[in-house]
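Subject: Structure handover

Dear colleague,

Here is the structure I said I would pass on. My notes on it follow below.

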Amino acid sequence: MNALRPFPPRTFPYFVRPGDTLYHLAQRYRTTVGAIISANPFVDPYHLRIGQQLCIPHQPIYPACPEGNYYTIRPGDTLAAIAQFFNVSLADLIEANPGIDPYRLRVGQIICIPLAVPPVTCPHRYIVQPGDTFYSIAQRFNISVDALMRMNPHVRPEALLIGQTICLP
């Protein structure tokens, strides 16, 4: 076997075994052939040698998420607390993440945060865009942040989601 050489951040060493191909390694480690090739610029991808060291990228797995609102699990998180923080139902949060075990969240695991449905009694609606804050929205529509917060008591200003609908006075 080759001596262990330094490997790039967010990768781990792997030693080629009989029958290995980059395609099978990408499938096994949930990455892409391109990512493996990029992490191993001096390796001939068509001629792997048994015992040869490869650097396998460790990429976060992003679940399908239409609006792209992702959250990374931290120590102590529960789905119920996350649902409450983002003001979505626990059932909707579980439905948006069919591949997770709700009773065994892993620190670093990435989940999708679905959008909450706004209340029916909303005189004017606005869809949150990337970079929006309550302050920037209030400025854009010439209203106070307090008025915006009163119209959206169910929305946490620090937990705005792209694509989320909020009410304007």
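Is Arg156 buried, partly exposed or exposed? Arg156 counts as partly exposed because its relative accessible area is 35%, where buried means under 20%, exposed over 50% and partly exposed in between, with a 1.4 Å probe and protein chains only.

Before the rest, the ground rules. This is a predicted model, in which local features need pLDDT of at least 70 and side-chain atom pairs count only at pLDDT 80 or more, while totals for chains, interfaces and linings use all residues. Residues are numbered from 1 along each chain as its sequence is written, and side-chain values use heavy atoms, with hydrogens and water left out.

Salt bridges

A salt bridge here is a side-chain nitrogen of Lys or Arg within 4 Å of a carboxyl oxygen of Asp or Glu. By this rule there are 3 salt bridges.

- Arg156 pairs with Glu158 at 2.9 Å, N to O. Glu158 is exposed, because its relative accessible area is 52%.
- Asp132 pairs with Arg140, with 3.2 Å between the closest N and O atoms. Asp132 is buried at a relative accessible area of 11%, whereas Arg140 is partly exposed at 47%.
- Arg28 pairs with Asp20 at 3.5 Å, N to O. Arg28 is partly exposed at 42% relative accessibility, and Asp20 is buried at 13%.

Overall form

The protein has 6 helices and 6 strands, where helices (H or I, at least four residues) and strands (E, at least two) are DSSP runs numbered from the N terminus. Read from the N terminus, the order of elements is β-α-α-β-β-α-α-β-β-α-α-β.

Along the principal axes, the C-alpha atoms fill a box of roughly 70 × 35 × 25 Å.

Of the 169 residues, 36% are buried. The accessible surface is about 10600 Å², and carbon and sulfur atoms hold 59% of that surface; the areas come from the Shrake-Rupley method with a 1.4 Å probe, and for residues only the protein chains shown count as cover.

Among contacts (heavy atoms within 4.5 Å) with a separation of 6 or more, 63% join residues 24 or more positions apart.

The protein carries 13 positive and 10 negative charges, whose mean positions lie 8 Å apart. Lys and Arg count as positive and Asp and Glu as negative, with His and the chain ends not counted; each charge is placed at NZ of Lys, CZ of Arg, CG of Asp or CD of Glu.

Two single residues

Thr72 belongs to strand E3, residues 70-72. Thr72 is partly exposed, because its relative accessibility is 40%. Apart from neighbours within four places in sequence, Thr72 has contacts with Asp77, Gly108, Gln109 and Ile110. Ile111 is 39 residues from Thr72 in sequence, and their C-alpha atoms are 6.4 Å apart.

His47 sits in the loop between helix H2 (33-39) and strand E2 (53-57). With a relative accessible area of 55%, His47 is exposed. His47 and Arg10 are 37 residues apart along the chain, and 24 Å separates their C-alpha atoms.

Regards
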